[in-house]
Amino acid sequence: MGLATTTTQRERDGRVDEAALLHDSGDELAPYTHGEMVAAILRPYVEPRICWIVGHHGVFQQHYYGRQTGEDPDARERHRGHEWFDDCAEFCELYDQNCFDPAYDSLPLERFEPVVREVFAEPRYLERG
Ligand SMILES: [Fe+2]
């Protein structure tokens, strides 16, 4: 539900990207650390800014849910000043914390399969030593 809603909202705003499509891919496997897990998988395939947003979206989401879950809602503040802090904050505010409405008119994820195939077609950001 969340991935389809996030991606649909981003498409409707003309902003589909890998963060929208893939940020919660590992949520069932690693519900508390999936951001870091997915970021590790994506690192060779997406630009560093997108990877950072995916890897940190969990702690930024605490801003909205921390009071209910007993986690620190201000935990994201330790990243304040980072060059991509505002990008991650915006992603969570506009396209994550509000994407759990089962009644939202989400497009089917299959619609975005070509984008996923393009992302993983080549490790464009693979660091070669
Ligand atoms: Fe997530």
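User: Is Arg80 buried, partly exposed or exposed in this structure?
Analyst: This is a predicted model, in which local features need pLDDT of at least 70, side-chain atom pairs count only at pLDDT 80 or more, and totals for chains, interfaces and linings use all residues. Residues are numbered from 1 along each chain as its sequence is written, and side-chain values use heavy atoms, with hydrogens and water left out. Buried means under 20% relative accessible area and exposed over 50%, with partly exposed in between (1.4 Å probe, protein chains only). At 47% relative accessibility, Arg80 is therefore partly exposed.

User: Which residue meets Arg80 in a salt bridge?
Analyst: A salt bridge here is a side-chain nitrogen of Lys or Arg within 4 Å of a carboxyl oxygen of Asp or Glu. For Arg80 the N to O distance is 2.7 Å, and the partner, partly exposed at 34% relative accessibility, is Glu77.

User: How many residues apart in sequence are the parts that Glu11 and Arg111 tie together?
Analyst: The side chains of Glu11 and Arg111 meet in a salt bridge at 2.9 Å, N to O. Helices are DSSP runs (H or I, at least four residues), numbered from the N terminus. Because Glu11 lies in helix 1 (residues 2-12) and Arg111 in the loop between helix 5 (85-95) and helix 6 (113-119), the parts tied together are apart in sequence by 100 residues.

User: How many salt bridges does the count come to?
Analyst: Glu47, Arg49 and Asp87 are linked in a network of salt bridges, while the side chains of Asp105 and Arg12 meet in a salt bridge at 3.5 Å, N to O. By the rule stated above, the count comes to 10 salt bridges.

Note on methods. Helix = DSSP H or I, 4+ residues; strand = E, 2+ residues; numbered from the N terminus.
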